[in-house]
Amino acid sequence: MTLADFLPKDVSLTIAMALCAVAFVSGTARGFSGFGSALIFMPLASSIAAPRLVAALLLVIDFVAAAPLLPEAWRKADRKATAVIVLGALVGVPLGTYYLSVLEPVTTRWIISGFVAALLLLLLSGWRYRGKGHAWLSVGIGGLSGFCSGLAQTGGPPIVGYWLGRPIAPVVARANILLFFGASDFFSMVSYATTGLISRESLVLSLIVGPVYAIGVAFGASLFGRASEKVFRAICYGLIAIAVIAGLPVLDGVLR
């Protein structure tokens, strides 16, 4: 038997290898800088395979990769503050999942490209929320991040920009972010499972793509401290911009 025998019927060996290549690049960005994996992966991967399939694929492999970090995050996080922001995700994730499940693939791709472009601008701006903490604002940020996660697994920038701007210790901010995404990913797993987005195909594909993504994360982590963080972040931003442009449906006849 060959690798092709294990692939979903709608995924060729060429598509699987392309997804592995995208996963390695996005995993390297995640391992080095701690961000950017979904913003690189989703625009490119959704132009290669169905957005519903690749969103479920990314959710599974990232959930498995992040799970070991949750116990320490639970101990160090401000759990009360995190619980408030998680309330927003409880609404946002199912809403984003609903739109992912009902929209046409091309429409979903346009929305993903628009989301990622907007989030890239947010990252480039260096935005950090430095105002007072309000429960309604926390719920709103959690809802926005949850919606982006449910639709395209791209909920990172709003949460990161919010927590890193708060007057709290960096270790607590990091723990809050990890704990939030642990909860958000759990909501996504439930939402995706109940709507049929997590399927045999996505699970089988995750067994193939997941190890490549993990290698990319490990490779990126090994570069940390050896390469200039400023230069590498600039490379990550460039890769995200390239992913947005290359993933545009209007270029399908040119690039694919």
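## Terms and model

Buried here means under 20% relative accessible area, exposed means over 50%, and partly exposed is in between, using a 1.4 Å probe and protein chains only. This is a predicted model, in which local features need pLDDT of at least 70 and side-chain atom pairs count only at pLDDT 80 or more, while totals for chains, interfaces and linings use all residues. Residues are numbered from 1 along each chain as its sequence is written, and side-chain values use heavy atoms, with hydrogens and water left out.

## Gly 182

Gly 182 counts as buried because its relative accessibility is 15%. The residue lies in helix 9; helices are DSSP runs (H or I, at least four residues), numbered from the N terminus.

Which residues does Gly 182 contact, leaving aside its neighbours within four places in sequence? They are Phe 63 and Leu 70, where contact means heavy atoms within 4.5 Å. Ala 66 is 116 residues away along the chain, yet its C-alpha atom and that of Gly 182 are separated by 7.6 Å.

## Annotated segments

An unreviewed UniProt entry lists "transmembrane region" for several stretches, including 12–29, 82–101 and 172–192. UniProt positions are given in the numbering used here, feature names are shortened, and annotations may be inferred rather than shown by experiment.

In the model, residues 12–29 are 94% helix and 0% strand, with end C-alpha atoms 26 Å apart. Residues 82–101 are 100% helix and 0% strand, and there the end C-alpha atoms are 28 Å apart.

## Nonpolar cores

A nonpolar core is a set of buried Ala, Val, Leu, Ile, Met, Phe, Trp, Tyr and Cys residues joined through side-chain atoms within 4.5 Å. The largest one has 43 residues, and Phe 41, Met 42, Tyr 192 and Val 209 touch the most other members. Among the elements giving two or more residues to this core are helix 1 (13–33), helix 2 (37–48) and helix 10 (200–223). Helix 3 supplies the largest share, 8 residues.

A second, separate core of 14 residues includes Val 86, Ile 159, Trp 163 and Phe 180.

## Helix 7

Helix 7 has 18 residues, which should span 26 Å at 1.5 Å a residue, and its end C-alpha atoms are 26 Å apart, so the two agree. The expected span is 1.5 Å times one less than the number of residues.

Among the buried residues of helix 7 are Gly 142, Gly 143, Gly 146 and Gly 150. Its buried residues pack against helix 2, helix 5 (79–102), helix 6, helix 8 (156–163) and helix 9 (170–194). Just after helix 7, Gln 153 takes a positive phi of about 55°.
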